[in-house]
Amino acid sequence: MTAAAKRSLLAGLRWTSLRLRLVVVFALVALTAAVSASGIAYWLNREAVLTRTQDAALGDFRQEMQNRAASLPLHPTKDDLQNAAVQMASSSPGYSVLLVDKRDGDKPIVGNSNLDTFTLDNVPLSLQQQVNRKQPAEAGNTYPYHLFWQRTSIRGTPYLVAGTRIIGGGPTGYMLKSLDQERQDLNSLAWSLGIATGLALVGSALLAQAAATTVLRPVQRLGDAARKLGEGKLDTRLVVSGTDELADLSRTFNRAAISLEKKVADMSAREESSRRFVADMSHELRTPLTAITAVAEVLEDEADSLDPMIAPAVHLVVSETRRLNDLVENLMEVTRFDAGTARLVLDTVDVADQVTACIDARAWLDAVDLDAERGMMVRLDPRRLDVILANLIGNALKHGGSPVRVAVRTDGDELVIEVRDHGPGIPEDVLPHVFDRFYKASASRPRSEGSGLGLSIAMENAHIHGGDITAANSPDGDGAVFVLRLPRDAEELTGTARDRGAEARAEEGDAT
């Protein structure tokens, strides 16, 4: 089974799955309807079968009592009762007969059609009392004795027991009719209705599955298309068929995808245009800046011999020229990151030597405490590491407080460099934005010596190595702490990036 099939099966089995809920609801509705219909059908058939059998037996028994029991002598003998009971049972639709009369002294004499199956003990006492009770004669009741019946069970078999008494003097008659055949017929009916209910349940589940598939397949296609759209495949479209609500939903999705693709294309074009403008502007500024820088350096050398009124202006021009030169260099670096053209030039270096060289080149040895053991060899881009360290340490010296402490250690396959100052720390509302481009911590001081790009460029250089930089305040409330984490060997990352670039070029070739 493929991974996609397994995911589809597991999705169908989850209770949160719409497919499963549809099947369960359909099944419950079908089960309720089938059970209700089967119950009503069983009850109606049961009453019809029992009533038909009961009415036939009672009607025949009443007729036999009138024809045979009523014609017996006033004081019949046991043989008379026996013969009459046998004759009544032989002409009956399958019931046994018991005739009871009394001699002098209320001693009963009994005649029955089958002594083994029907005796007076089989007649419920309540039925005997009701049969022998004389009813008062009134307008709605002209007969003192009536035919009474009762359903009972003898040794697990259902029976119909009925009894009546001859009016004007004569024996009391009882009949016993077995209902076992009717029970078997009703059991067969119950089994049939149960099977029909099960088939209805299975059929409803299949219909629910078919309905769910019909409804959910377009929804699934819509979900897959939305997922692809979220992954950046903006050319994703749905095939629209039909005129129902799902087709309207697909058309709406396609219109939204077209609009989104157009907007993203416009934004990408504007972003590319802006990036190209910044790159071109930075490149064009380098030539005049080179000349201006050279002139500024000459002016700086001659500043001491200039008029004291002019010297401050010369120093201002020199500092602002250097600041502008740094800004142009930073802008060019940013455009290289945005364009994806920044590449690593790897070399194996001693981290302690590299950090020391960075600090020494900028004359920070007196303001920085370095805690680094020699011999920690890593493979990375030395120039980019120097840029990261220069920005982190320079930021700590500028906005924090001396001394700045730089600690270097290894953590598994990672190189960890911690830069800590002893300044006031970073405000909590500023922490999330310290690596944003051109972000100024104080809106009242928009102008500063920095370009606002240093920490952003440091983060980009960390990312291109496959690392990261975090900023936080010291737990003891004394200064801010920046932690740089880089892989000890960025060779694998460089190979992966090269492979991805080759795949992208291959895809572009296939598309053309």
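Ser474 is located in the loop that connects strand 11 (468-473) with strand 12 (480-487), where helices (H or I, at least four residues) and strands (E, at least two) are DSSP runs numbered from the N terminus. The structure is a predicted model, in which local features need pLDDT of at least 70 and side-chain atom pairs count only at pLDDT 80 or more, while totals for chains, interfaces and linings use all residues. Residues are numbered from 1 along each chain as its sequence is written, and side-chain values use heavy atoms, with hydrogens and water left out.

Ser474 counts as buried because its relative accessibility is 5% (buried means under 20% relative accessible area, exposed over 50%, and partly exposed in between, with a 1.4 Å probe and protein chains only). When neighbours within four places in sequence are set aside, Ser474 is in contact (heavy atoms within 4.5 Å) with Arg420, Gly479, Ala480 and Val481. The side chains of Ser474 and Arg420 are also joined by a polar contact of 3.0 Å, that is, a pair of N or O atoms within 3.5 Å, of which, within protein, one must be able to donate a hydrogen and the other to accept it, and for which residues adjacent in sequence count only if both atoms are side-chain atoms.

Arg379 belongs to strand 8 (residues 377-380) and, because its relative accessibility is 27%, counts as partly exposed. Residues up to four places away in sequence not being counted, Arg379 touches Leu346, Asp347, Thr348, Arg488, Asp489, Ala490 and Glu491. With Thr348, the side chain of Arg379 makes a side-chain polar contact of 3.2 Å.
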